[in-house]
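Biologist: I'd like to go through a model with you and ask what stands behind each term. Could you show it to me?

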Amino acid sequence: MKILVVGGIGYIGSHMLKRFKETNYDIEILDNLSSGQKENTLNYKLHVCDLSDKETVYKILSEQNYDLVMHFAASINVEESYNNPKKYQQNNVINTINLLDCMKNLKINKFIFSSSAAVYGEPEHLPVTELHPFNPVNPYGDTKAEVEKILKSYEESCGLKYVSLRYFNACGAHLDGTIGEMHDPETHLIPLVLQVASGRKKHISVFGDDYPTPDGTCVRDYVHVMDIVEAHILAMENLTNTHKSQVFNIGNKKGFSVNQIIQMAKEITKVDIPIKIQGRRKGDPAELIADNKKIMNLLNWNPKYSDLQTIVKSAWNWEKTLKIK
Ligand code: UFG
């Protein structure tokens, strides 16, 4: 099977490529190099192209016989999505439509989409099941919900079969220490806390301690990136075997507060981590926890690395390599 990994050199895409190295799948990458490093390609063929350039996307897809496309490329910064909604519409929605259109014309009908828990917004019940209605509370979440609706209509209009994987809080780094999370600017809690521990940052801002949660700070469901990529392998195999579209939450069914994350980082790094309580960040739901029964039962997915210790330890090993660079 020949697979195109779109956004393959970014944070999650690069972990996916490493996992693919253990398989016999025929892999190529399409990436605009906006984030991630070229050395992340692991010698797979890289097509440098932005999805907004539909003509080139079409050309690349028409010259190869891809059976399936995995789509990781997206803009993911919630704050930026408020300041620059056009960029989010373009990168996350229009570019995905470009890709789907090219696939439709070339009759490539298998698609794995990186969706997000952000489609649920402030959940009405916890843990959140896949049946929970869409209620995004920020423009980033809007774009992911929009694409999920578009996928449905492509299925109806041209027989696209897809799996939408709704990531909760992707985190951690490869256990071999060679790749990990690196965004510019970095906005995610775990890498920022560890930057404080390594001395690259002076303190960690805690965005709100007055939420209706046990310690007042936001609660999230942190899931290790290596467990996320394993879910992609299982989702892809299921799609190929059943030809049935599916939507799955990828989470650990366990919530940790911002304070708990900082505490775990202190224990692992053995460094005191100064905190500053700030006001709430716009577009942050108080609590997000995945109901993961569906993916566990249907795909036999079993997170192996998503305990908080392994997450923070792996991210710390990665942060130490970044500090040296
Ligand atoms: N936080 C802080 N200080 C920081 C950074 C984050 O207190 O410096 C808090 C946030 O307010 C939030 C929690 O830590 O309560 C986690 O924040 P992250 O930015 O790490 O992650 P988010 O929950 O905001 O977002 C992540 C992904 C999104 C995705 C969302 C879905 O980055 O792409 O999960 O739940 F939409």
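Modeller: Gladly; we will take the domains, then the cavities, then the sheet.

Modeller: This is a predicted model, where local features need pLDDT of at least 70, side-chain atom pairs count only at pLDDT 80 or more, and totals for chains, interfaces and linings use all residues. Residues are numbered from 1 along each chain as its sequence is written, and side-chain values use heavy atoms, with hydrogens and water left out.

Biologist: Into which domains is the protein chain divided?

Modeller: Domain 1 covers 2-170 + 223-250 and domain 2 covers 171-220 + 253-324; such bounds come from an automatic or database domain assignment. Their centres, taken over C-alpha atoms, are separated by 23 Å. The contact (heavy atoms within 4.5 Å) takes 39 residues from domain 1 and 41 residues from domain 2.

Biologist: What makes a space a cavity?

Modeller: On a 1 Å grid over the protein atoms alone, a cavity is a set of points where a 1.4 Å probe fits but cannot get out. Two cavities here reach 30 Å³ or more. The largest cavity holds about 100 Å³, a volume being the space filled by probe spheres set on the points, which are joined across faces, edges and corners.

Biologist: Why is the largest cavity said to lie between the domains?

Modeller: Because domain 1 and domain 2 both give residues to its lining. Lining residues have an atom within 4 Å of a point. There are 13 of them, and Gly36, Gln37, Asn40, Gly180 and Met182 lie nearest the centre.

Biologist: How many of those lining residues are nonpolar, polar or charged?

Modeller: Five are nonpolar, eight polar and none charged. Ala, Val, Leu, Ile, Met, Phe, Trp, Tyr, Cys and Pro count as nonpolar, Asp, Glu, Lys and Arg as charged, and the others, Gly among them, as polar.

Biologist: And which helices supply the lining of the second largest cavity?

Modeller: H4 (85-105) and H5 (139-158) each supply at least two residues; helices (H or I, at least four residues) and strands (E, at least two) are DSSP runs, numbered from the N terminus. That cavity has a volume of about 40 Å³, and its lining includes His71, Asn92 and Lys144.

Biologist: How do you know that S3 and S11 are edge strands?

Modeller: Two strands pair if DSSP finds at least two bridges between them. The open sheet is parallel, in the order S3-S2-S1-S4-S5-S6-S11. Strand S3 (45-48) and strand S11 (246-250) each pair on one side only, which makes them edges.

Biologist: What joins S4 to S5?

Modeller: Three bridges join these parallel strands, with Met70 opposite Ile112 in S5.

Methods: 1 Å grid on protein atoms, 1.4 Å probe; cavity = no way out; pocket = protein on both sides within 12 Å on 5 of 7 lines; lining within 4 Å.
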